Amino acid sequence: MASHDKPHALEEASRLHWAGVICGLSAGVWLGAAEAPTKLVNAGLSPFAVSLCMVSGVFAARWTVPTLLKGTTQVTKDLMRKKYLILWALLAGMLWAVANTLTVFAIRDVGLTIAFPLWNTNSLIGLLWGRLLFGELNNASRSNILKVVVGTIAIVSAATLLGFSTMHADGGHSPRAVQGILAALGASLLWGTMYIPYRKAYISGMNPLSFVTAFTFGELGTVFALVWYFDGGAQAPIFHKEGLSHLLFWLFLGGFVWVIGDIFQQFATKYLGIGRGIPLSNTNQLWGLAWGALVFGELANATSSQRVMVITGSLIMIGGAIAISSAVATQREHISMNDALQRECDRYDLDISEVLRDYATPEIDRTNPRNWWDYAIIAAAVGVFVYLGWKARVPQLVMNLEWAGLLVCLMIAAAVGGLFALRRLSKT
């Protein structure tokens, strides 16, 4: 590389880094809120049925958002140019679906407060896979390695502390506690491994909006198969339970909120790698706690020691996020990541110049024309949500609507910030 090109390359790398940081933090805000709608549902459904309802909402949202931002024509072209990644996307969707189902078991058996920090250890799994398979942090400076590793451990530790802060001293132990813990750890392992297909796709230049389109078929097919096999096939209660329509909206809404967070998480993974992007998005527990404590009053009767744990855990998590955010990859680390890209190109007989060109393609291109079926897809998905919303009833739960409104405003602000960062990349 010529010497006069180095400042431009470093500037470009810095812009990509900070766009990834903003997307990772935005993902945390939305992923943390995804559990709030499901708190309103207590219909006695099996974990498989709950997961199916949520993933159905995810399916509708994953088609709506990519279609709105990218258009089906561009998504299809992107997938057809790299057909081998379709299988990886389906595999990632299957891993996500099984992991999501395990989290429902974990919540049922040990509660959200214990399960959440356990499955959030997926950032450590992701950090390991990123290091072993994609050369992340190879040739990184010692300070960057320290920031990423310590920041990741800090976020996981803070998540655990925040989880324990919401446990009540007089709470009994679940007779299925071991099952719940194993389910949460299983979800962590699967979600941490799921980022391997993510990274393979994005290191090859695929747009995240294209990847999630194929991804969604893997997850919906998998949860449907789980319900069919474990819940009685065509006789499964989810297909026959009366009076369910007023609850479906909340599960669909949880899936929709999750999708927005997951899309930002995928952009963070693309620009930061697994080791940096996933820990940032795992600040979702901080936001999940905010919903639980401020909106649903889960800490209304908390002891002083619990409040100290909340404050301490929050500060530790913020510190971990700051540490990872400041670990901007050096030129030597970028060279190492380019070596990983070259290995992918050699493995799948790809033209590296074409992959680099795809990588630089605008993420959100509003200039591409939309076809009539794009608007039909969006209208159909919106129609499903409107219909379910019309049938929905707000359960009789005590909620602080003022805090709920404020947190929703923060979610919107986070989404606007993430979109602004991606639009800035698209203009350069």
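**Close-up views of helix packing**

View 1. The model is predicted, and local features are reported only at pLDDT of at least 70 and side-chain atom pairs only at pLDDT 80 or more, whereas totals for chains, interfaces and linings use all residues. Residues are numbered from 1 along each chain as its sequence is written, and side-chain values use heavy atoms, with hydrogens and water left out. Helices (DSSP runs of H or I, at least four residues) and strands (E, at least two) are numbered from the N terminus.

**View 2. Helix α10 along its length.**

**View 3. Helix α9 against α10.** The axes of α9 (residues 177-203) and α10 come within 10 Å and cross at roughly 135°, with axes fitted to C-alpha atoms, for helices over the stretch in contact, and angles running from 0 to 180 degrees between N-to-C directions. α9 is therefore oblique to α10 (under 35 degrees is roughly parallel, over 145 roughly antiparallel, 65 to 115 roughly perpendicular and the rest oblique). M194, P197, Y198, A201 and Y202 of α9 make the contact with P208, F211 and F215 of α10, contact meaning heavy atoms within 4.5 Å. The crossing is right-handed, as the near helix is turned clockwise from the far one by less than a right angle, anticlockwise being left-handed.

**View 4. Helix α9 against helix α15.** α9 also packs with α15 (residues 331-348) at an angle of about 90°, their axes 10 Å apart, and so the two are roughly perpendicular. R199, K200 and I203 of α9 meet M337, A340, L341, E344, R347 and Y348 of α15.

**View 5. Helices α13 and α14.** The axes of α13 (residues 284-295) and α14 (residues 304-325) come within 10 Å and cross at roughly 150°, in a left-handed crossing. Q285, L286 and L289 of α13 contact V310, S314, M317 and I318 of α14.
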